[in-house]
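Here are my notes after a pass through the model.

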Amino acid sequence: MNKIAERICQLRELMEERRMDAYLVPTSDYHESEYVGEHFACRKYITGFSGSAGTALIMKDWAGVWTDGRYFVQAARELEGTGVELMKMGQPGVPRLEDFLEEHMPEFGILGFDGRVINAQMGEHLKELLHHKRVSIAYTEALVGEIWENRPKLPAEPIWILEDCYAGKPAAEKIADLRKEMEKCRADVHVVTTLDDIVWLLNIRGNDIPCNPVVLSYLVVTLDKIYLFLNPAVVPDEVRAYLTGLGVEICPYQEIYTFVKAIRESCVLLEKGKVNYMIVQNLHESNKIIDRMNPTSMMKAKKNPVEIENLKQAHIKDGVAMTKFIYWMKHNIGRVPMTECDAADRIDAMRKEQGALDMSFTTISAYGANAAMCHYHAVPESCATLEPKGLYLVDSGGQYLEGTTDITRTFTLGPVTEEEKEHYTLVMMSMLRLGHVKFLQGCSGLSLDYVAREPFWSRGLDYNHGTGHGIGYLLNVHERPMGIRFRVVPERQDSTPFEPGAVCSDEPGLYLEGKHGIRLENQMFCKEDEKNGYGQFLSFEFLTYVPLDLEPLKVEMMEEKDIAYLNAYHAAVYEKIAPYLTEEEAAWLKEATQPVHKA
């Protein structure tokens, strides 16, 4: 019996003791974070699947993991031999998790989960869904934690203040704006548990989640007081004085559950899709819950002018690192032995040389067929050796004081096939077209997505992920509420219209399992365009300036507008990046960004 099977067996013994018929293990911490620290990696521990999204369900005689298209290939490999079945979300014949539970939970059964890692919206939905079967919900059971030997401890990194020259707006003004929003919806109390909202509001940062400079904390805001729940040991004296000046009272992290029990006869603003089930269950019935998106989420998404200017500087630094990396790769492949892991380590180090505080996510370094797995992560034990042929994909980013970056480039290491050239050209056309779209204010990513997919759909092709996601400022690399995709995914809130100041990725791709994967990604920000009798038009401006490989390009496939977009972009890349390169690198960049023309 392998270690995963042994762990599931131990979990089932606990389930039997407590008469549970099923146990849910999501990918989450107590704050609905997308990426979680090792202390919270319960789903990975119990199933072996290490992707950043997925939910495990353990029953008496069956176990499965639901995950999305980004992870189908990876999950199939990692779950092999564990006895855990892969449930490919959105695919024909694969039931949704809630439908599976409704069908397979027995009458008068018990569904268990740790109520701190299931959001209130999901918990209430499951309770209502299974009510007709008289199913009970056991939400105080943290069973995986009971069997996890040597579980990593909760992080306790010191927090620091993000100065106004980077934040662009003092925390006191942000707090005043939040209280105005509370008054508009007649809320007396606002419970905030999303970590990026908390640190953004207070202009603080930390290091409690890898690649995400946040602080494990909860926040309760009233019209005249603020309570911050965190490990008091992580607050240096300078930060404590700063927070006290903002009217913040520091409380121990776990006391949030006792605190909310004491709230009575208040209008409590919170977001059930983000606040955990345990907190909502602990609120007294005399309170009225106002369930809506945290006001800070929209405030945070619209970057202020200082943040936009800082982001431009961050992307110059990042562009220099990436351009130097591509130059180094192309000049050393076949001469210097290297693996996917070696390449990832090199770009990470080059970012640090340009001033990055950390990476914004774990670098995706994928060669050849490995790039067909959208979120593949190379590990030393099995990573591929790079050879002077085929395509190489690197998706990476950095955290700078000037902001967060996220960029993908796919480029040749040597000869490529005609199919690879055609697919690469389609991806480039798609990315450039979306970056040049012009649209009326009020338009959301649900509409804009077609601009990116048309070159693929017209040829019967597609890619199984969204085209763009919001990006934080020295915060989470994936930030709501704006995004670009054609499918309605309620929890992603991609129907939110774009507003000036919103920062978003532009990252179409094409993936052929067992053959190759291609993705190109720039960051861009939304800005006002012309205003006329039809209304206010908006457009995007690229923040990312890194060359696009011309070697695999089939210019004859491109329309004149695509060629114009590419040449203008490359002229800007050379102008912005060349001054920071060595003489040899600048000469190469000049050649790499030369204008292209149809024969």
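1. Let's begin with arginine 433, which makes a salt bridge with glutamate 559; the closest N and O atoms are 3.5 Å apart. Keep in mind that this is a predicted model. The arginine lies in helix α16 (residues 418–435) and glutamate 559 in the loop between β28 (535–542) and α18 (560–577), so the contact ties together parts that are 126 residues apart in sequence.

2. Arginine 433 has another partner: a salt bridge to aspartate 562, with 2.8 Å between the closest N and O atoms. Here helix α16 meets helix α18, so this pair ties together parts 129 residues apart in sequence.

3. Next, have a look at glutamate 479 and lysine 303, whose side chains meet in a salt bridge (2.6 Å, N to O). Glutamate 479 sits in strand β23 (residues 479–484) and lysine 303 in the loop between α13 (295–301) and α14, so the pair ties together parts that are 176 residues apart in sequence. Glutamate 479 is buried at 5% relative accessibility, and lysine 303 is buried with a relative accessible area of 6%.

4. Across the whole structure, the search finds 36 salt bridges.

5. Of its 16 lining residues, Cys42, Asp114, Val117, Val144 and Arg151 are the closest to the centre. The elements that give two or more residues to this lining are β1 (22–25) and α6 (143–147). By class, the lining has 11 nonpolar, 2 polar and 3 charged residues.

6. What is the volume of the second largest cavity? It comes to about 40 Å³. Among the residues lining this second cavity are His315, Asp318, Gly319, Asp406, Gln523 and Tyr545. Helix α14 (residues 305–332) provides the largest share of the lining, 3 residues. The class breakdown for the second largest cavity is 3 nonpolar, 5 polar and 2 charged residues.

How values were computed:
Residues numbered from 1 in each chain as written. Predicted model: local features only at pLDDT ≥ 70, side-chain atom pairs only at ≥ 80, totals over all residues. Heavy atoms only, no water. 1 Å grid on protein atoms, 1.4 Å probe; cavity = no way out; pocket = protein on both sides within 12 Å on 5 of 7 lines; lining within 4 Å. Helix = DSSP H or I, 4+ residues; strand = E, 2+ residues; numbered from the N terminus. Nonpolar A, V, L, I, M, F, W, Y, C, P; charged D, E, K, R; others polar. Points joined across faces, edges and corners; volume = space filled by probe spheres on them. Salt bridge = Lys/Arg side-chain N within 4 Å of Asp/Glu carboxyl O. Buried < 20%, exposed > 50% of the residue type's maximum accessible area, 1.4 Å probe, protein only.
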